[in-house]
Amino acid sequence: MAETNTSNKSSSQLRYVYSFADKVKSFPGWARRATWKVGKEDPRRVVHALKVGMALTLVSLLYLMEPLFKGIGKNAMWAVMTVVVVMEFTVGATLSKGLNRGLGTLLAGSLAFLIEYVADAPGRIFRAVFIGVAVFMLGAMTTYVRFIPYIKKNYDYGVLIFLLTFNLITVSSYRIDNVWNIAKDRMSTIAIGCGLCLVMSILVFPNWSGEDLHNNTISKLEGLANSIQVCVREYFYDSAKEATEDDDSSEDPIYEGYKAVLDSKANDETLALQASWEPRCSRYCHRIPWHQYARVGAALRQFSYTVVALHGCLRSEIQTPKSIRALYKDSCMRLGEEVSKVLRELANSIRNNSQFSTQTLSNNLNEALQDLDNALKSQPQLVLGSRNGRVQKLEAEDTAAARTSLSSVKNDFFSPRKKVLRPQLSKSAIISLEFSEALPFAAFTSLLLEMVAKLDHVMVEVEELGRMAHFREFKEDDEIVVTFEKSKMIIAQNGLPSYGAE
């Protein structure tokens, strides 16, 4: 028995060793594929990596070159640390962290020297007590201020640097006499690091947060338009629907279209916050209303909930018969096409910085709605009326069966193996099943109408964006040309964390 356990342990250990060896062998290939995939998804990531490497090399010269090292000293490492912390993927994120760090360091240094000047006069014991009280008061107040939503959103990193720098200078001044020289060198090296980061971010292949937010908004509008178009088409063509049911949801074009919108809240808010730091203006030197882009994204998320429900109609277990769906196919597909057309027109409006014709788009939607309304009114019996006769017939049969069985109910009740209510329940289930065949189509059409109502909110937000950003006014002779360009979502910071965006 002991020999058997020993052999089992040995075989399991061998399997573990072989498995680990296989993972080691496959690791280079996995690393190569992952590296290639990251660069292929966004080539700007490769450029950003090279920019960070170049910035670190330049700032390291402060420590490596003898003349620069003699002028700055060991505090040159603070410049290296600043580059590592401040250098971000976009200009807005770099400006946010750089200015927060610089302003926090300057205010903390000024306040620390003021406290040092006050505490230095009376004596060493009073000085120690005064420094301790000052550290406690400033630490508590600064930490509490960080809970304020506006400070947390915009200046949290600066407040953190303020607290760190203040404590370093104030506490170290008790034991070090030349603290002023140390603080001056640190502030100068931090300024050098921040300046180098800003130069590399703004002048060398800059990546603008506002541009990413602008492109993401266009991508979301076009993605939803594509999802609606495909969803309505697949609902009326079983062959297309059956082909997509076997596919993975992650590869479903309908799912991909609205998933990008549902997951975009944090990304939109981060990009809008970072873009507010960027020195970019719209036409006639007006500030671009980046917060309005976030509101457009919020309206699109509300709109996308109806697209999710519409997609659910395709996956429903109970479907309306094909013959009934075919009668309303043209009107429903026309309404879906008009909704997709409006979304793409809104995307083109943002892409070209031009306003759109609200009246023209509304008229087309109203015509499609009227067409669907006329189609539903023309043959309402095909949805419910044709089933009323069968329902009444089954109800009459239920009544007759109930009357003929009244004499035997008493005997059947005491028989444990007989199910008296089974025939009646089965017929009721048949009635409910036939009636429920019309419900999926009713849900589908009601979702189309709800989609049009939610679309109005999206149009209002995009129209407000055009007004605030001073888009080019729409002229009556302008031709509405709807184009579709497949673009990808751009994640804030491209996967790199940003403390300044918290």
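Predicted model: local features only at pLDDT ≥ 70, side-chain atom pairs only at ≥ 80, totals over all residues.

Q: What share of the contacts comes from residues 24 or more positions apart?
A: Counting contacts with a separation of 6 or more, 84% are between residues 24 or more positions apart.

Q: What span should it have, and what does the model give?
A: At 1.5 Å a residue, α10 should span 40 Å.

Q: Why is α10 said to be largely enclosed?
A: Because 24 of its 28 residues are buried, α10 is largely enclosed by the rest of the structure.

Q: New topic: charges. Why would two charged side chains pair up?
A: Side chains of opposite charge can pair when their charged atoms come close.

Q: How many salt bridges are there here?
A: The count is 16 salt bridges.

Q: Which residue does E222 pair with?
A: E222 forms a salt bridge with R351, and their closest N and O atoms are 2.5 Å apart. This pair links distant parts of the chain, with E222 in helix α10 and R351 in helix α16 (residues 329-351), 129 residues apart.

Q: Are those two buried or exposed?
A: E222 is buried, since its relative accessible area is 1%. R351 has a relative accessible area of 23%, so R351 is partly exposed.

Q: Which residue meets D371 in a salt bridge?
A: R334 does, at 3.6 Å from N to O. D371 lies in helix α17 (residues 358-378) and R334 in helix α16, so the pair ties together parts that are 37 residues apart in sequence.

Q: How accessible are D371 and R334?
A: D371 is at 28% relative accessibility, so it counts as partly exposed. R334 is at 32% and also counts as partly exposed.

Q: What about K152?
A: The side chain of K152 meets that of D156 in a salt bridge, 3.9 Å from N to O. K152 counts as partly exposed at 34% relative accessibility, whereas D156 counts as buried at 2%.

Q: Which residues are linked in a network of salt bridges?
A: D42, R44 and D212 are linked in one.

Q: Switching to cysteines. How many disulfides are there?
A: The structure holds 0 disulfides.

Q: Is C197 buried or exposed?
A: C197 counts as buried, with 0% relative accessibility. C332 also counts as buried, at 0% relative accessibility.

Q: Now single residues. Where is I190?
A: I190 is in helix α9 (residues 179-203). It is buried, with a relative accessible area of 6%.

Q: What is I190 in contact with?
A: Leaving aside its neighbours within four places in sequence, I190 is in contact with W78, T82, R101 and T105.

Q: And how are I190 and V80 placed?
A: They are 110 residues apart along the chain, and their C-alpha atoms are separated by 8.6 Å.

Q: Where does T306 sit?
A: T306 is in helix α14 (residues 290-314). At 5% relative accessibility, T306 counts as buried.

Q: What does it touch?
A: Not counting residues up to four places away in sequence, T306 touches E450, M451 and K454.

Q: Last one. Where is I288?
A: I288 is in the loop between α13 (265-275) and α14.

Q: Buried or exposed?
A: I288 is buried, with a relative accessible area of 18%. The cut-off for buried is under 20%, so 18% falls within it.

Q: How far is I288 from A275?
A: The two are 13 residues apart in sequence and 9.0 Å apart in space, C-alpha to C-alpha.

How values were computed
Residues numbered from 1 in each chain as written. Heavy atoms only, no water. Helix = DSSP H or I, 4+ residues; strand = E, 2+ residues; numbered from the N terminus. Expected span 1.5 Å × (residues − 1). Buried < 20%, exposed > 50% of the residue type's maximum accessible area, 1.4 Å probe, protein only. Salt bridge = Lys/Arg side-chain N within 4 Å of Asp/Glu carboxyl O. Disulfide = S-S within 2.5 Å. Contact = heavy atoms within 4.5 Å.
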